[in-house]
Amino acid sequence: MADYTDLNGAEQSFGDNAAQREVRENDRNYVFHSWSAQGKIDPLPIAKGEGVRFWDYDGNEYLDFSSQLVNLNIGHGHPKMIKAIQDQAARLATIQPAFANDVRGELAKKIVEKSFDGARSVFFTNGGAEAIEYAVRLARHHTGRQKVMTRYRSYHGSTGTAIMMTGEPRRWANGIIDGSVVHFFGPYAYRSAFFAETPEQESERALAHLEQQIEVEGPGTIAAIVLETVTGTNGVFVPPPGYLEGVRALCDKYGIMMICDEVMVGFGRTGEWFAYQGFDVKPDLVTFAKGVNSGYVPLGGVVISEAVHNSFVDRPFPGGLTYSGHPLACAAGLATFDIFEDERIIERTRDLGERVVAPRLAEMLEKHPSVGEVRGKGLFWAIELVKNKETREALVPFNAAGDDAAPFNAVVAACKKAGLWPFAAGNRLQVAPPLIISEEDLVKGLDIIDEALTVADGYTV
Ligand code: PLP
């Protein structure tokens, strides 16, 4: 049996160095990569993906605990997804956005039905950053205000306003191209900016800080507060009790739009269709992307409340995209709903999180001197690594590079050597496997992490 199929459809075997060399050469000669010094990278050529695994050309197998970039919720090669895309490609691959289209309308309807009470419509984009751009644009036109408040330790995408909204180092080198963004600190009880000793205190003090900042910025100038409902790449921060509800109350008090960025956590990641549904809040706008069709075809969008929608009933919304509501992407989105329902993805994500991941990570916290905190929900967790549990000094400094990052890189390398592709960020191993993962594979991956943590233990003091 062939190991993989090449780009001409021919069956091939692993270990074919000529094929691998060609992929690598084309990549190095012609592809310009994100976030990288082009001369210092050597991207691993991938031959195939199947379910929760992928393989390089040498036949090394990786269990994907990162769901690629936390998008591949249904895993590679899902037959229902493939069929939906093939069927739609044959029916009508593309139609411009000014027309009404069956799959686009059906998907918007399904998303609105799964959304908050008072959700009214969906604007489709090609991905997450665009969804953020459009959510902010909708909020600005709706309120007539310009400023946007976002948290430190957040990622909202890499385009114009989205990168300015991002509250971490990826923003730094991008200059200031949008001065209307204001950052604030959110809850992070383990490293509290508010000297809080309990999650409740953290919540209360973070809200008091936010309200002060709103007051001095000028409430009448603020269009929106944008939050990742559960922060993703920057640390899997599940909001402490009352925090999101408190932000909602501040938004109501000052006429500010509450935008939940669900690009990473929407569509099941935390064991809810949308992560905000685990709390007692109704946002005004919700961004989504990745999980909507697991990235089989690029798609994102904004769920829009009745009030915001109604702002544009008599006046035109000044914005659009050639591929807004692309039929191929929307057909893949519709398949997501079928797959989630058939395979009870939401229920199993919640169950695996509570029954398998939470207790196992709690055990690792007890066992390893290098594990400072574990936190998360559903199939979305962070293992925060420290040099010293007492002082909470991080295993590597914030934004570490080069030799400074060596201890963390050694842990990541141990995972990869054992066949696990981890989601590694800062001083954290994050657990984010495809939501279709079997219990057996989940345990297998957690075993590998458990073992790799002994490498981190070696750096503790
Ligand atoms: N918002 C969040 C929370 C994200 O995690 C990401 C991507 O990781 C984005 C926005 C940007 O999405 P995209 O890369 O599709 O533009």
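This report covers the ligand site, the cavity and the domains of a predicted model.

Local features need pLDDT of at least 70, side-chain atom pairs count only at pLDDT 80 or more, and totals for chains, interfaces and linings use all residues. Residues are numbered from 1 along each chain as its sequence is written, and side-chain values use heavy atoms, with hydrogens and water left out.

**Ligand site**

Ala, Val, Leu, Ile, Met, Phe, Trp, Tyr, Cys and Pro count as nonpolar, Asp, Glu, Lys and Arg as charged, and the others, Gly among them, as polar.

| Residue and atom | Ligand atom | Distance |
|---|---|---|
| Asp261, polar side-chain atom | nitrogen | 2.7 Å |
| Lys290, polar side-chain atom | oxygen | 2.9 Å |
| Tyr155, polar backbone atom | nitrogen | 3.4 Å |

Alone, the ligand exposes 390 Å², and the protein buries 80% of that. These areas come from the Shrake-Rupley method with a 1.4 Å probe.

**Cavity**

The whole structure has 1 cavity of 30 Å³ or more. A cavity is a set of points, on a 1 Å grid over the protein atoms alone, where a 1.4 Å probe fits but cannot get out; lining residues have an atom within 4 Å of a point. The volume of the largest cavity is about 100 Å³, taken as the space filled by probe spheres set on the points. Its lining includes Arg151, Arg153, Arg191, Phe185 and Phe237. That lining divides into 6 nonpolar, 2 polar and 3 charged residues.

**Domains**

An automatic or database assignment sets the bounds. Domain 1 spans 44-77 + 344-457, and domain 2 spans 80-342. Their C-alpha centres lie 25 Å apart. The contact (heavy atoms within 4.5 Å) takes 41 residues from domain 1 and 38 residues from domain 2.

Technical notes
Polar contact = N/O pair within 3.5 Å; in protein donor to acceptor, adjacent residues only side chain to side chain. 1 Å grid on protein atoms, 1.4 Å probe; cavity = no way out; pocket = protein on both sides within 12 Å on 5 of 7 lines; lining within 4 Å.
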